[in-house]
Amino acid sequence: MGRKAVTLYINPKKFGNIAKPCMEEMITFLNCLSLNQMNSENCVRPKDLLSACMDGLTNKKREPWGSISYHLQRLNSRRK
């Protein structure tokens, strides 16, 4: 029996605390769509609220967190 190969592991629970902006508006819009058999003409107000929320997010300057794949590649390349 040899040593087990070291593998990278990411705990998904660690990323559960990340803020979820516009989640309430998105849920409201999706509920409206499901109640109206995917007819978006009846869901104008929730759609406008979701669009306004999404537009508000694009104006905010935030520091990019980076993709998890990039960080995994970096860690993996250092091991070799």
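**Figure 1. Methionine 23 in helix α1.** Methionine 23 belongs to helix α1, which spans residues 23-35; helices here are DSSP runs of H or I with at least four residues, numbered from the N terminus. The model is predicted, so that local features need pLDDT of at least 70 and side-chain atom pairs count only at pLDDT 80 or more, whereas totals for chains, interfaces and linings use all residues. Residues are numbered from 1 along each chain as its sequence is written, and side-chain values use heavy atoms, with hydrogens and water left out. With a relative accessible area of 33%, methionine 23 is partly exposed. Buried denotes under 20% relative accessible area, exposed over 50%, and partly exposed the range in between (1.4 Å probe, protein chains only).

**Figure 2. A nonpolar surface patch.** Met23, Met26, Ile27 and Leu30 make up a nonpolar surface patch of about 330 Å². Patches consist of residues with over 30% relative accessible area and no salt bridge, where like charges are joined within 9 Å and nonpolar side chains (Val, Leu, Ile, Met, Phe, Trp, Tyr) within 5 Å. Isoleucine 27 is also located in helix α1 and is partly exposed, at 43% relative accessibility. The C-alpha atoms of isoleucine 27 and leucine 50 are 9.4 Å apart, and the two residues are separated by 23 residues along the chain.

**Figure 3. The disulfide of cysteine 22 and cysteine 53.** Two disulfides are found in a search of the whole structure; the criterion is a pair of cysteine sulfur atoms within 2.5 Å. One of them is formed by cysteine 22 and cysteine 53, whose sulfur atoms lie 1.8 Å apart. This pair links distant parts of the chain, 31 residues apart: cysteine 22 is in the segment before α1, and cysteine 53 is in helix α2 (residues 44-59). The link of cysteine 22 and cysteine 53 is left-handed, with -95 degrees about the S-S bond. Cysteine 22 counts as buried because its relative accessibility is 6%.

**Figure 4. The disulfide of cysteine 32 and cysteine 43.** The sulfur atoms of cysteine 32 and cysteine 43 are 2.1 Å apart and form a disulfide. Cysteine 32 is in helix α1 and cysteine 43 in the loop between α1 and α2, so this pair ties together parts eleven residues apart in sequence. The link of cysteine 32 and cysteine 43 is left-handed, at -95 degrees about the S-S bond. Both cysteine 32 and cysteine 43 are buried. When the bonded cysteines of the protein are numbered in sequence order, the pairing reads 1-4, 2-3.

Terms used:
Areas by Shrake-Rupley, 256 points an atom, 1.4 Å probe, with all protein chains shown as cover. Salt bridge = Lys/Arg side-chain N within 4 Å of Asp/Glu carboxyl O. Helix = DSSP H or I, 4+ residues; strand = E, 2+ residues; numbered from the N terminus.
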